[in-house]
Structures are given as structure tokens and as C-alpha cells.
Amino acid sequence: MSNAVHLLATLIAQPGHGPALETALRQLVPASRSEAGCLHYELHQDRDTPERFYMLEIWRSADALEHHRQTEHFLRFGREQGHLLAGFELTSPCPAAIQSPCKTLSCPRRHPAPATCWCRYEPSR
């Protein structure tokens, strides 16, 4: 079984700050993709709600995800651009959250679910 961690990050800009958030998120993409543990990192913008963005992420392991959260580009985004966010949510498919030996992800429902089920969890801080 793969230990890869699949995430969907939903980021919502403060009113009037969609373009600034988009610019900041686009700057995260190449730096994050260059990390050894990054398998996929892709930014999308909601067609109907342009201040809503989605980051599709796949990390080689929970350790790779934790490393990402400690990188300078990730921490700088939080320090310098965090004020642009009105909301933030992470979701992960249940099988990865349950079957991965991950310390930072956990399915709050603790149920075996099909791959199409996405459970919400709070990121560790």
C-alpha cells in the first residue's frame, strides 16, 4: 500500500483580495513542486466563485508533507500573505487518512470509506 498523502486545500480570499491571493498561491507552486517529497501540486480557481482556490496536493509520505509545512516558502506565505485568507480547509480521502501511518492526518469518522469519500480534518499546528 502506498503511503502517499492526498490533499485538497480550499482557500478563500478576503473580499477584494482574490487577485492578490492568486498571485501569492502561484508563487508557491514552483517552489513546492521542487520539493523531493512532492508528487503533485496543482492550483485551480473556482469558475463561479473567483475568490475560491483549490490546491490539489500529493506528497510521497506524511513526513514529506510535514517537511513542506516547515519550508521557508510555505512559512513565508503564512507570515506575509496569510491576511489575504478569509477561510482555509483541508480535506483528505479517507483511505489515505486511515491507512497511512501519518501523524498529522486522521479521519474524524474512523470508518472504512470508499475512495470517493473525503473527510475533513484540522491540520496540526
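Reply: Contact here means heavy atoms within 4.5 Å. Please keep in mind that this is a predicted model.

Me: Which residues is histidine 68 in contact with, leaving aside its neighbours within four places in sequence?
Reply: Histidine 68 is found in helix α2, which covers residues 62–69. At 1% relative accessibility it counts as buried, because buried means under 20%. Leaving aside its neighbours within four places in sequence, histidine 68 is in contact with Ser32, Glu35, Tyr41, Glu57, Trp59, His73 and Phe74.

Me: Within what arc do the buried residues of α2 fall, seen down the axis of the helix?
Reply: The buried residues of α2 are Ala62, Ala64, Leu65, His68 and Arg69. Seen down the axis of α2, these buried residues line one face of the helix, because they fall within an arc of 160°.

Me: How are the rings of tyrosine 41 and tryptophan 59 arranged, stacked or edge-to-face?
Reply: A pair of aromatic rings is described by the distance of the centres and the angle of the planes. The count comes to one aromatic pair, and in it the ring centres of tyrosine 41 and tryptophan 59 are 5.9 Å apart. Their planes stand at 70°, and planes over 60 degrees apart count as edge-to-face, so the arrangement of this pair is edge-to-face.

Me: How many residues apart are tyrosine 41 and tryptophan 59?
Reply: Tyrosine 41 belongs to strand β2, residues 38–45, while tryptophan 59 belongs to strand β3, residues 52–59. Both count as buried, because tyrosine 41 has 4% relative accessibility and tryptophan 59 has 0%. The pair links distant parts of the chain, and the two residues are 18 residues apart.

Me: Which residue in β3 is the bridge partner of histidine 44?
Reply: Strands β2 and β3 form a hairpin with six residues between them. The two strands run antiparallel and are joined by seven bridges. In β3, the bridge partner of histidine 44 is tyrosine 54.

Me: How far apart in space are alanine 86 and histidine 17, C-alpha to C-alpha?
Reply: Alanine 86 lies in strand β4, which covers residues 85–93, and, not counting residues up to four places away in sequence, it touches Ile12, Ala13 and Gln14. Alanine 86 and histidine 17 are 69 residues apart in sequence, and in space, C-alpha to C-alpha, their distance is 9.5 Å.

Methods:
Residues numbered from 1 in each chain as written. Predicted model: local features only at pLDDT ≥ 70, side-chain atom pairs only at ≥ 80, totals over all residues. Heavy atoms only, no water. Phe/Tyr/Trp six-rings, centres within 6.5 Å; stacked < 30°, edge-to-face > 60°. Helix = DSSP H or I, 4+ residues; strand = E, 2+ residues; numbered from the N terminus. Buried < 20%, exposed > 50% of the residue type's maximum accessible area, 1.4 Å probe, protein only. Pairing = 2+ DSSP bridges. Arc of directions from axis to C-beta.
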